[in-house]
Amino acid sequence: MTKIPRSGHITAECRCAVPGCHRPTEKSGGTGLARFHCRYHVHHKSRHGSYWHSTYKASELRPYVRSAELWIEEYRQTPAYQAAYWQLEHLVAGAGRVEPATSLRGQSAEYRARVAFARLRAADIPTGRIIAIYMGVAALIEDDFGSHRTREFRIVQAAKAVHRLASGTHRKWDVWDPRTGGNRTAELHAYPRSSGHVLRKIGETLEKACDELSRAVVPEVITMRTERFGPHPSHTPVAKTS
Ligand SMILES: [Zn+2]
């Protein structure tokens with residue numbers, strides 16, 4: 001009786017599913033629980049929201065966010081925009097009670113996401129700007145032929161772009177110090193990088209408020225981007241060199 005060799009088949013199954021990646025999956029390599037992806041790409045997804053697509057640069061996002069802002073300038077009185085605006089205001093208002101200088105060690109992802117929104121508030125970032133960023137990210141992902149069009153990539157990319165807004169700001173404010181009973185000055189100079197879980201919580205909150213508006217308006221934002229800044233580079237056929 002001849003046994004059919006199956007080892008080749010098994011080996012193929014244990015490689016990471018990302019094209020071009022030959023690393024063993026986490027499970028087969030004994031480095032984790034992922035059955036279809038390697039440790040490197042699992043980590044990549046946690047950081048960027050996609051196994052293979054990296055985070056967009058601010059320069060790639062800018063024309064879309066600017067177009068979304070122009071849309072908002074023109075249509076800020078529409079019920080769809082007003083609904084998104086007040087919902088986000090409401091969601092962020094709950095974060096206003098979070099002390100931005102609190103140590104985040106040991107805190108849950110929900111708490112850390114609220115702190116991130118409290119920081120946006122402390123940095124006086126207008127709600128309209130946050131909505132424009134969400135819409136801009138959604139439009140870029142839709143317009144870029146090489147993008148990864150998944151919900152997870154969208155919310156993580158939106159969270160990262162919003163998070164970038166408040167990072168790098170330097171602020172001082174007075175806080176009551178229970179040890180002395182008086183005020184002390186808290187200073188904030190840089191924000192730590194948010195973990196994958198926190199980015200998803202931030203992204204979910206943004207999505208809750210902005211997604212309905214975004215779905216309706218993204219085609220218009222893309223049109224405005226194209227008119228004002230030209231098409232996304234992925235639309236231009238690469239010139240053949242012969
Ligand atoms: Zn891989």
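Predicted model: local features only at pLDDT ≥ 70, side-chain atom pairs only at ≥ 80, totals over all residues.
Which residues of α6 are buried?

Residues are numbered from 1 along each chain as its sequence is written.

View 1. Helices (H or I, at least four residues) and strands (E, at least two) are DSSP runs, numbered from the N terminus. From that end, the elements run α-α-α-α-α-α-α-α-β-β-α. Of the 242 residues, 33% count as buried (20 or more other C-beta atoms within 10 Å of a residue's own, with C-beta atoms placed from the backbone). Two residues are in contact if their C-beta atoms, placed from the backbone, lie within 7 Å. Among contacts between residues at least 6 apart in sequence, 65% join residues at least 24 apart.

**View 2. Helix α6 and its buried residues.** α6 has 14 residues. From first C-alpha to last it reaches 20 Å, close to the 20 Å expected at 1.5 Å a residue (1.5 Å times one less than the number of residues). Its buried residues are Arg112, Ala113, Arg114, Val115, Ala116, Phe117, Ala118, Arg119 and Leu120. What covers them includes α5 (79-93), α7, α8 (151-166) and α9. After α6 comes Asp124, whose phi is positive, near 60°.

**View 3. Helix α6 meets helix α9.** The axes of α6 (residues 109-122) and α9 (residues 196-229) come within 8 Å and cross at roughly 60°. Axes are lines fitted to C-alpha atoms, for helices over the stretch in contact, and angles run from 0 to 180 degrees between N-to-C directions. The two helices are therefore oblique to each other (angles under 35 degrees count as roughly parallel, over 145 as roughly antiparallel, 65 to 115 as roughly perpendicular and the rest as oblique). On the α6 side, Ala109, Glu110, Arg112, Ala113 and Ala116 make the contact. On the α9 side, their partners are His197, Val198, Lys201, Ile202 and Thr205.

**View 4. Met135 sits in helix α7 (residues 127-143).** Is Met135 buried or exposed? Met135 is buried, because 30 other C-beta atoms lie within 10 Å. Not counting residues up to four places away in sequence, Met135 touches Ala68, Cys210, Ser214, Val217, Val218 and Val221. Met135 and Val221 are 86 residues apart along the chain, yet their C-alpha atoms are separated by 8.0 Å.

Methods: Buried ≥ 20, exposed ≤ 12 C-beta atoms within 10 Å, placed from the backbone.
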